[in-house]
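The following exercises concern a predicted model. Please work through each task with the structure at hand before reading its solution.

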Amino acid sequence: MTQRVLFLPGDGIGPDIIEQARAVLGHANERLSLGLDFDEALVGGAAIEAAGTALPDDTMSRAREAGGILLGAVGGPKWDHLEMANRPEKGLLGLRSGLGLFANLRPAFLYPQLAEASSLRPEVVSGLDILIVRELTGGIYFGQPRGVETLESGEREGINTYRYNESEIRRIGRVAFESARQRNGRLCSIDKANVLEVTALWREVMEDLAREYPDVELSHMYVDNAAMQLVRDPNQFDVIVTGNMFGDILSDEAAMLTGSIGMLPSAALNESKQGMYEPCHGSAPDIAGQDKANPLATILSGAMMLRYSFGMEGAAGAIEKAVQDVLEQGLRTPDIHFEGTQLVGTRAMGEAVLSALDTHL
Ligand SMILES: NC(=O)c1ccc[n+]([C@@H]2O[C@H](COP(=O)([O-])OP(=O)(O)OC[C@H]3O[C@@H](n4cnc5c(N)ncnc54)[C@H](O)[C@@H]3O)[C@@H](O)[C@H]2O)c1
Ligand SMILES: CC(C)[C@H](C(=O)O)[C@@H](O)C(=O)O
Ligand SMILES: [Mg+2]
């Protein structure tokens with residue numbers, strides 16, 4: 001059976017890193033006869049330039065047809081104005097909500113070879129393996145009303161609304177409890193229940209769900225403390241579940257524990273496990289087109305796609321082992337480079353993964 005993969009390179013370093021991930025997936029596809037069929041479409045600033053909108057209908061319909069989507073990154077100073085880009089119905093947010101991709105899995109895993117690149121001391125971060133489960137289609141990103149209004153005084157007021165209903169909380173909670181069950185049985189729900197009603201409800205629903213998962217140990221933590229605990233003693237966490245905005249912020253923080261934002265892959269899944277996969281970082285306009293971006297988060301996102309959307313565990317594992325090999329060889333893009341390792345560019349890193357892959361297929 002043929003499986004359609006849609007590549008959405010997007011903006012900035014997006015095309016640089018997607019080129020490498022596409023080559024790696026293409027190689028695995030050929031060698032293992034995976035039956036993947038590749039498609040590509042425009043999103044973000046590239047789509048605004050070509051079609052006048054960040055999420056053209058053509059892209060959306062091809063996204064609906066794809067079994068898995070691999071996105072590079074979107075955005076840049078020219079397009080970040082809210083009217084153009086990150087509206088609930090446009091660009092990346094439009095893709096996420098249009099496809100119902102509510103469950104965002106962001107694994108922060110420290111490859112032992114990168115301990116010295118971590119922002120934390122090796123002994124504090126050694127063995128790090130955390131899964132952040134972020135709700136992705138609700139919360140303050142999507143709540144209505146929103147906008148900027150002019151008050152009677154003539155002054156303007158910006159409005160966003162933080163809301164979650166019980167079923168939204170329950171369905172992301174289930175994903176998190178199930179993940180914790182398959183891992184080490186520990187789940188920490190992160191909220192601001194001492195201040196925000198919506199997250200007090202979040203906590204109540206998580207407590208309710210915990211009764212169905214007696215084998216999972218549920219704890220709760222306020223988000224400010226969690227931000228601190230992540231850099232004090234990150235190994236206390238196994239699975240974390242949290243809302244859209246807290247998850248966005250905490251996952252960038254967790255990325256630095258693994259060495260770089262360029263190491264953190266992600267999966268965004270809907271109820272039928274259709275998925276969009278992307279590195280957690282952005283379009284990095286400061287290094288775009290300079291052969292400096294780390295392509296590993298994107299390549300690892302490709303591996304997550306093979307695993308979650310297509311059930312191709314063998315091929316996914318082989319890509320992950322190939323990434324481990326190139327790190328073992330000492331190859332490093334600038335973001336994870338340290339003394340005694342070999343500085344390489346985006347292309348050389350991608351090519352090295354591709355060569356290493358052969359030994360695992
Ligand atoms: N999922 C996405 O597409 C996504 C995510 C975050 C930000 N953005 C967008 O990206 C643009 C830039 O945002 P930003 O600067 O806040 O965040 P960013 O993640 O693009 O960059 C932050 C810093 O991390 C570095 N960096 C990011 N990815 C890297 C990689 N793979 N290898 C090496 N270094 C890397 C950048 O060079 C920069 O110094 C904005 O338009 C923003 O809206 C998009
Ligand atoms: C670009 C932006 C809309 C996005 C988010 O906030 O979800 C990004 O930061 C991410 O982490 O994927
Ligand atoms: Mg983010």
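**Exercise 1: The shell of ligand 2**

Task. List the residues around ligand 2 and divide them by class.

Solution. The residues around ligand 2 are Gly 75, Asn 86, Leu 92, Leu 93, Asp 248, Cys 280 and Gly 282. Sorting this shell by class gives three nonpolar, three polar and one charged.

**Exercise 2: Domains and their contact**

Task. State which domains the chain has and describe the side of domain 1 that touches domain 2.

Solution. The domain assignment gives domain 1 (1-104 + 274-361) and domain 2 (119-257). Their centres, taken over C-alpha atoms, are separated by 25 Å. Domain 1 contributes 10 residues to the contact and domain 2 contributes 14 residues. On the side of domain 1, α4 (91-98) and β4 (103-109) supply at least two residues each, and the largest share, three residues, comes from α4. By class, this side has six nonpolar, three polar and one charged residues.

**Exercise 3: The largest nonpolar core**

Task. Identify the residues with the most contacts inside the largest nonpolar core, and the element that gives the largest share.

Solution. The core has 118 residues, and Val 43, Val 133, Ile 319 and Val 353 have the most contacts inside it. Helix α10 (residues 296-308) provides the largest share, nine residues. Each of domain 1 and domain 2 supplies at least three residues to this core. Leaving aside residues up to four places away in sequence, Ile 319 touches Val 24, Ala 28, Ile 299, Gly 302, Ala 303 and Leu 357.

Terms used:
Residues numbered from 1 in each chain as written. Chains lettered and ligands numbered in written order. Predicted model: local features only at pLDDT ≥ 70, side-chain atom pairs only at ≥ 80, totals over all residues. Near = placed C-beta within 6 Å. Nonpolar A, V, L, I, M, F, W, Y, C, P; charged D, E, K, R; others polar. Core = buried A, V, L, I, M, F, W, Y, C linked by C-beta atoms within 7 Å. Buried ≥ 20, exposed ≤ 12 C-beta atoms within 10 Å, placed from the backbone. Helix = DSSP H or I, 4+ residues; strand = E, 2+ residues; numbered from the N terminus. Domains from an automatic or database assignment. Contact = placed C-beta atoms within 7 Å.
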